[in-house]
Amino acid sequence: MSGKQPVLKHSEIVFMYAADDEAYKAYGTTFVGWGGAHTKEEVQRHHGLGIRCTGSMWCLTAGPELLHKNPELQKGVALDIESKPIMVPWLFDQVYEGMRALWGCTNNPIFRELCRRRVREAMAGGADGLHVDDHAGSAAAAMHGGGFCDYCMAGFREYLKDNASAADLRAAGVKDLDTFDYRTLVRKYAKTRQEYMKVQNRIPLTFSTTRLPPTFGSSAASHRRSPDTRSCCRQMRACHFRTKTMSWTASRTQSAKSRSSRSWARGESQPR
Ligand SMILES: [Zn+2]
């Protein structure tokens, strides 16, 4: 990178959301970090003010309305040990025709395709950057008892192949990783999400939280206002399987980040 100018300078004045011209001028804004420039007109408006701008996409949920209107998306949500979907707790007040804000699974191709579409829409105006909201995706859902769909299980198997020691696998009674289903092991300890939340740190194939990706901490911190999340943050310290899931998901996230958002949005490059 030597010789290149940094994308963001220390002197940058960054707005969280898009604002009106007067607010930008009052603060001397130079960058808008949380979307608001999805169209060509919006991008031109910001550039005309000397401000660089972003599109914004969301990896958290399809949202109640879209989930209701497109039932296919309901097949792309995070699942708990009972194979039930999980509502995003801090979006408890978002309801559309009885549908709640169900957590999307960023390992599920259906939800991944929605994420790609969101990138395409967010960048359609030619914004200078892309804001990725709730980037932890399924890793964050795992903190709430999720991460048990078939796609997450397949990913976890691959993760174990690269990261679990023979002693880890022996202690968990895993004889063949190719046919191993973590849910079967978990159900020996907990058959419901409620039970799972109590005993998760005692289930084999749990690992030290020192491996917790730093990105997760910042993600959890941003939702501290939710009492449910506060409880989850405390549990995080002893949340081993989730740590594994998060590490795995984070590595996929890094992999995805290393590629162009535009090429990913076009489906040219699979981040899995
Ligand atoms: Zn999943």
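By a nonpolar core I mean a set of buried Ala, Val, Leu, Ile, Met, Phe, Trp, Tyr and Cys residues joined through C-beta atoms within 7 Å. Please bear in mind that this is a predicted model.

Which members of the largest nonpolar core touch the most other members? Among its 50 residues, they are A78, W103, C105, A141 and C149. Two or more residues come from each of α4 (109-122), α5 (138-142), α6 (150-163) and α8 (182-187). The greatest contribution, 5 residues, is made by α4. In general, nonpolar side chains of soluble globular proteins tend to be buried together.

Let us look at A78. Setting aside residues up to four places away in sequence, A78 touches several others, including W103, C105, A141 and C149. P85, I86 and S138 are also among the residues that A78 touches.

Turning to the protein overall, there are 13 helices and 6 strands. Of its 272 residues, 36% count as buried. Where contacts join residues at least 6 apart in sequence, 69% of them link residues at least 24 apart.

On confidence, the mean pLDDT is 81, with 73% of residues at 70 or more. Over residues 208-272, however, pLDDT is below 50, although this stretch has 93 contacts in the model beyond near neighbours in sequence. Where pLDDT is low, the predicted coordinates should not be read in detail.

Finally, consider L91, in the loop between α3 (64-69) and β4 (95-96). Is L91 buried or partly exposed? L91 is partly exposed, because 17 other C-beta atoms lie within 10 Å, whereas a buried residue needs 20 or more. Beyond its neighbours within four places in sequence, L91 contacts T61 and A101.

How values were computed
Residues are numbered from 1 along each chain as its sequence is written. This is a predicted model: local features need pLDDT of at least 70, side-chain atom pairs count only at pLDDT 80 or more; totals for chains, interfaces and linings use all residues. A residue is buried if 20 or more other C-beta atoms lie within 10 Å of its own, exposed if 12 or fewer, and partly exposed in between; C-beta atoms are placed from the backbone. Helices (H or I, at least four residues) and strands (E, at least two) are DSSP runs, numbered from the N terminus. Two residues are in contact if their C-beta atoms, placed from the backbone, lie within 7 Å. pLDDT is the predictor's confidence in each residue, from 0 to 100.
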